[in-house]
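Here is a short briefing for a first look at this structure. Please keep the sequence and the 3D view open while reading.

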Amino acid sequence: MDAHLAKEPRLSARAIGKTFGGTVALKDVDLDIMRGEMLALVGANGAGKSTLVKIICGAQRTDEGEIRVDGRPVTFATVGDALAAGIAVAHQQVAIIPTLTAAENIMLGQEPRRFGLIRDRRLVAEARALAQRFGVDIPLERECGDLGIGENKILDILKALKSDPSLLILDEPTASLTLNESRKLFGFLRDLKAKGLAILFISHHINEIFENCDRVVVLKDGIKVHDGAVRETNPDAVIRQMVGRTIEDEDWTSHATPGAIAVHLADVTVGALQVPDLTVHRGEIVGVAGVLGAGQTDLIEAMAGGRPGLGRGVVALNGLDHLPRSVEEATARGIYLIADNRLKKALFPGLSVEENLMTGSLDQTSRLGFMRQGKALAAARDVIGRLSVKCSGPAQEVLQLSGGNQQKVAFGRWLVRMAHDPAAMPPLLLLDNPTEGVDVGSKAELYALIRGFAEQGASVIITSAEFGEMLKLCDRIYCIADDKLGTGLGRSDFSEERLLLEVN
Amino acid sequence: MVATDGTAAPAPGKASPARIAGGLDWSAIAARYGTVAAALVIFAAFALASDRFVSVNNISNILVQISVLMIISSGLTFAVASGEFDLSVGQVASLSGVLVAGLMIWTGLPVAVAILLALLAGVVIGVVNGLLVTRLRIPSLIATLAMGPIALGLNYAYTKGDSIYATMPKSFYYIATGKVFGIVPVPVIIALLVVGIFYVLLNKTRLGRGVVATGANIQAARLSGIRVNSCRLTALALSGLGAAMGGVMLTARLGTGQSGAGDAYLLDSLTAVFLGMTAFKPGRATVQGTLVGVVIIGMLDNGLNLLGAPFYLQNEVRGLVMIAAVSLAVLRAEIRFF
């Protein structure tokens, strides 16, 4: 390899631009990756990381700019083209089949065959050769289901290495790994780096980037805002660049009623998450922040009776002294959940707006088992009007509505219930990522709605993938780190930087 | 996610409902009433092909022939609406059919008591199906598939495999052969009554709402506070009840208790429900849709008979109709299996 080639970036992207139907996803982004370098790509949700990666690995075409591999300009029409040029991706989701052995997984789709039959011994030999070449020491004859997640992740990367790439893209490889497994993975990645491989590393965990990567590139709203060696910056600075602004306080006022405690959990365990203390007053909006899958959904659903939790020390939950055993028990006490993943867990896509709205109050809108059709329709019309749900009428299928209007229907279900169940007031609202996939206008309406609930004495617990949203809405925020709910941050401690640091 | 033109767009000002309906117009109408149109086309085709098809006698004949299927399919509709299959309906119908005959002839019970006990047997099997699905968490496809041979075994144990021949009380035959005002067949009245009751149950009651919600999205239903397991169990119990009612009526029509009499109703009732899922409210099992499916099956059977088509053609047509119904629905993404 001559000296000139060694200095040439393995991959060089110039002035990349991409627009989706008027929304700018990437603008004028330059990116160089050298051989033997581990480059971290960071950015908040929607900053353009995945779009950039998709363009580099051929899954999406770029609108503007050019990509060079080893100095030669290339255009990728498909992922196969990029692979042929030496660019391989290991996706966040591990593509490992648990019932196959490690060797079979590594060779999946490229099994050595003779007369159409798989040559088992040859397969194991080839898998072993690959594993040895990259110094992987995993028992290849074991079924992957019996191996750990970390080992499966390494096998998944090994699969990507089968094509002998010169650039490896890793999309959040440590997202589901424990600390120990992550360390092992990074040991493996350092070996790959030493072999001259270029690695593009995408992660939300700022700390591991600073421990393991050489250089960090920060994207914000589709623009590259930072590009430099890890040594020359620090986590705080990178987070600030990701966020790019401090959160303005707007016209925030707390409506918390001092002393009137709606929720007090002490020493509760839900799944892997420990909750030493969680306190919410009447009229208060409290956030629970965590990285994706940190257990916030489990906690919220356990409070709504949707999943079991161990509560030795539940002191108060809107009048209950234990975690509800069923959603029914919870709703009878005015504890209402709006689940995340709207179409999967909150709504009935094939049913009408009216049917969706009534599902939370079937007992309240029926007499002797018969639905009171007139009452139901009136209630549906009332909610549609109050929340200004844009639909052709109560009979329209909820799937045909926009995301924001669907979410209003999910809120509306409990508005109907509240109107018919005054005994269970004031309510406790549990909102799990309530503005996911909702347009800006509807978001503002939903914020106003949530604030309105609090003003009328309801207590609200909310999680969101967008921390900025919680900073806007909440009176206090609890952060989850290492499977444990921390102490609540007060309004004066609020900043996106602080939240990102706390949940890492 | 599907967004239909004119509804998802945050159109400023007032969107007139008429315009929105106009935007959906043809594809929606075709989706809703295509199956009904198909029924009319089949009717017209047979009417043209055979001059005997459209006669008071023959129409009344068809209605009597499909009355058993109407009842069984209505019950099955409940199970499918709750998101579950019930593959035991055929053998449950057979079991209740021989039970009612045996209880009257061998045990000498009064007609009403015998009927009630036979219906109870169907409900019990339905409840067991429900318990298997909700308590042991066996997929209904498998639980009810296994319940079929169990019902068949009970059936053989009771009859020793023989048919039950003997003259039954006149009042029992009345169920299948009687006529009100000397013209309207009693079985048709009973079938329409049952269909009506199931329609009301599914559409106008809290139970029906719960069943439909559970079938549409069981997770969301659970998180909305609906007792999804009791909905599923009740739906399967009603499915068993429908099958039992059909079986009893079948025995009254045949005049004998035959061990395998109801078995064939499984495929027919499933076909009717799937056909029904392509009508009125595409993708949803509805009693009115199932009724259309039943009518289509009944007309095909009767029409092919009148035209002198070979007997095996009826089987071919049944299978083809089933495939057509399901593929239409799946292609239009109205039904998803598993």
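Predicted model: local features only at pLDDT ≥ 70, side-chain atom pairs only at ≥ 80, totals over all residues.

Chain A and chain B bury about 2,900 Å² between them. Chain A itself is divided into domain 1, domain 2 and domain 3.

**Where chain A meets chain B**

- Chain A brings 36 residues to the contact, and chain B brings 32 residues.
- Carbon and sulfur atoms give 56% of the area buried between the two chains.
- Five salt bridges are counted between chain A and chain B.
- One salt bridge pairs B:Arg284 with A:Glu355. Their closest N and O atoms are 2.8 Å apart.
- On the side of chain A that touches chain B, the elements giving two or more residues are α11 (327–332), α12 (342–346), α13 (353–358), β20 (370–371) and α15 (403–420) of chain A.
- The largest share of that side comes from α12(A), with four residues.
- By residue type, the side of chain A that touches chain B has 15 nonpolar, 12 polar and nine charged residues.

**The domains of chain A**

- Domain 1 of chain A spans 3–243.
- Domain 2 of chain A is made of 247–334 + 426–504.
- Domain 3 of chain A spans 354–424.
- The C-alpha centres of domain 1 and domain 2 of chain A are 35 Å apart.

**Where domain 1 meets domain 2 in chain A**

- Here 10 residues of domain 1 of chain A contact six residues of domain 2 of chain A.
- The area buried between these two domains is about 800 Å², with 63% of it on carbon and sulfur atoms.
- The count of salt bridges between domain 1 and domain 2 of chain A is zero.
- On the side of domain 1 that touches domain 2, α8 (206–212) and α9 (235–243) of chain A each supply at least two residues.
- The most comes from α9(A), which gives five residues to that side.
- The side of domain 1 of chain A that touches domain 2 divides into four nonpolar, four polar and two charged residues.

**A buried glutamine in a loop**

- A:Gln396 sits in the loop between α14 (373–386) and α15 of chain A.
- A:Gln396 counts as buried because its relative accessible area is 5%, under the 20% cut-off.
- The side chain of A:Gln396 reaches the backbone nitrogen of A:Ser392 at 2.8 Å.

- Most residues other than glycine have a negative phi.
- A:Phe115 is not a glycine, yet its phi is positive, at about 55 degrees.
- A:Phe115 lies in the loop between β7 (113–114) and β8 (117–118) of chain A.
- A:Phe115 counts as exposed because its relative accessibility is 79%, over the 50% cut-off.
- A:Glu172 also has a positive phi, near 45 degrees, and is a residue other than glycine.
- A:Glu172 is placed in the loop between β9 (167–171) and α7 (179–194) of chain A.
- A:Glu172 counts as buried because its relative accessible area is 14%, under the 20% cut-off.

Notes. Residues numbered from 1 in each chain as written. Chains lettered and ligands numbered in written order. Heavy atoms only, no water. Contact = heavy atoms within 4.5 Å. Buried area = accessible area lost by both parts, 1.4 Å probe. Salt bridge = Lys/Arg side-chain N within 4 Å of Asp/Glu carboxyl O. Nonpolar A, V, L, I, M, F, W, Y, C, P; charged D, E, K, R; others polar. Domains from an automatic or database assignment. Buried < 20%, exposed > 50% of the residue type's maximum accessible area, 1.4 Å probe, protein only. Polar contact = N/O pair within 3.5 Å; in protein donor to acceptor, adjacent residues only side chain to side chain.
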